[in-house]
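My plan is to look up a few things and write each one down.

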Amino acid sequence: MKQFEEDLFSEKDKIAASSLVVEGSVDTRHGPILYMEDVSVSFDGFKALNQLSLYIDAGELRCMIGPNGAGKTTMMDVITGKTKPDTGSVFFGQTIDLLKMDEPAIAQAGICRKFQKPSVFDALTVFENLELALKANKSTWKTLFFRLNGEQRDKIEEVLATIGLTDCIQQRAGILSHGQKQWLEIGMLLMQEPKVMLVDEPIAGMTHQEVERTAELLLSLQGKHSIVVVEHDMEFVRSIARKVTVLHEGSVLTEGTMDEVQNDPRVIQVYLGG
Ligand SMILES: Nc1ncnc2c1ncn2[C@@H]1O[C@H](COP(=O)(O)OP(=O)(O)OP(=O)(O)O)[C@@H](O)[C@H]1O
Ligand SMILES: [Mg+2]
């Protein structure tokens, strides 16, 4: 009988624990990791985003396409806190209201962004750039006394392998190719173990080989991170596409596989008409 009571008690504990929502953690038990609902952003009366609703699942690799001015970059600005919308809601998991947070807090929570122009430190080695990314969250005082532990060294090696720069570890970032710099920047983001990565036009200026390698890299990251990729190059999008969202005039025009959206008459109209 006593054993039965103990079992019952621990079962109750488990149920209580499983229904507990820890404040500050990303709760994705009921669906997407990123929600945008009815988000509008106006610039001088012009609606850059017009009641945009978007849902990104945990571990998903989502491609976003759409003509110039469709609102793709503005959407990323809203998610990262750079632009506050006039209306709508933006949630990270079920419980974290991104509209109540500023840019640093959103980055700290695990949403990071890769800009088009790589911002690696040319004078530092590849290793040092990654090391610096580890320190980025720490105060200056702590940074002064920062020493890598074994686990952090392992993390740097793991990231180097992921971005394909293991052989360049001691090279100065300044002598890397444009593509390698872009991968290093992705590596610097990975050091912070982001939950969501927003990547705006990653392949601009890359050679064909670098484009292929970037596709492989992004594909290898899905599952571990949720990734939103904005890109105009349709061949590239096709090579990584799972679900594709087409943005037009600040709203979602349609979503689906690459074939579905490319054959959608509305999409054809928007691209030809644009
Ligand atoms: N800070 C701003 N002030 C005024 N207008 C802006 C601002 N940012 C964006 N816009 C306008 O909002 C619209 C959407 O711009 P956005 O940069 O989000 O488009 P996009 O889809 O990223 O386009 P592209 O494919 O050219 O990068 C555009 O008409 C743009 O001119
Ligand atoms: Mg843009």
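Which residues in H4 meet which residues in H7? I found Val-126, Asn-129, Leu-130 and Ala-133 in H4 meeting Leu-184, Gly-187 and Met-188 in H7. Two residues are in contact if their C-beta atoms, placed from the backbone, lie within 7 Å. Helices are DSSP runs (H or I, at least four residues), numbered from the N terminus.

Ground rules next. I note that this is a predicted model, where local features need pLDDT of at least 70, side-chain atom pairs count only at pLDDT 80 or more, and totals for chains, interfaces and linings use all residues. Residues are numbered from 1 along each chain as its sequence is written, and chains are lettered from A and ligands numbered from 1 in the order in which they are written.

**Confidence.** I checked pLDDT, the predictor's confidence in each residue, from 0 to 100. Its mean over the chain is 88, and 86% of the residues reach 70 or more. Over residues 4–9 it stays under 50, and the model has zero contacts there beyond four places in sequence. Residues 11–23 are also below 50, with two contacts beyond near neighbours in sequence.

**H4 and H7.** Back to this pair. The axes of H4 (residues 126–135) and H7 come within 8 Å and cross at roughly 30 degrees. Axes are lines fitted to C-alpha atoms over the stretch in contact, and angles run from 0 to 180 degrees between N-to-C directions. Ala, Val, Leu, Ile, Met, Phe, Trp, Tyr, Cys and Pro count as nonpolar, Asp, Glu, Lys and Arg as charged, and the others, Gly among them, as polar.

**H6 and H7.** H6 (residues 150–163) packs with H7 (residues 178–190) at about 145 degrees, with the axes 9 Å apart. Val-159, Thr-162 and Ile-163 in H6 meet Trp-183, Leu-184, Ile-186, Gly-187 and Leu-190 in H7. This contact has six nonpolar, two polar and no charged residues.

**Ligand 1 and H2.** Around ligand 1 I found ten names to write down, including Phe-43, Asn-68, Lys-72 and Thr-73. A residue is near if its C-beta atom, placed from the backbone, lies within 6 Å. H2 (residues 72–79) gives the most to this shell, three residues. Seven of the eight residues of H2 are buried, so H2 is largely enclosed by the rest of the structure. Buried means 20 or more other C-beta atoms within 10 Å of the residue's own. After H2 comes Gly-81, with a positive phi near 90 degrees.

Conventions:
Helices (H or I, at least four residues) and strands (E, at least two) are DSSP runs, numbered from the N terminus. A residue is buried if 20 or more other C-beta atoms lie within 10 Å of its own, exposed if 12 or fewer, and partly exposed in between; C-beta atoms are placed from the backbone.
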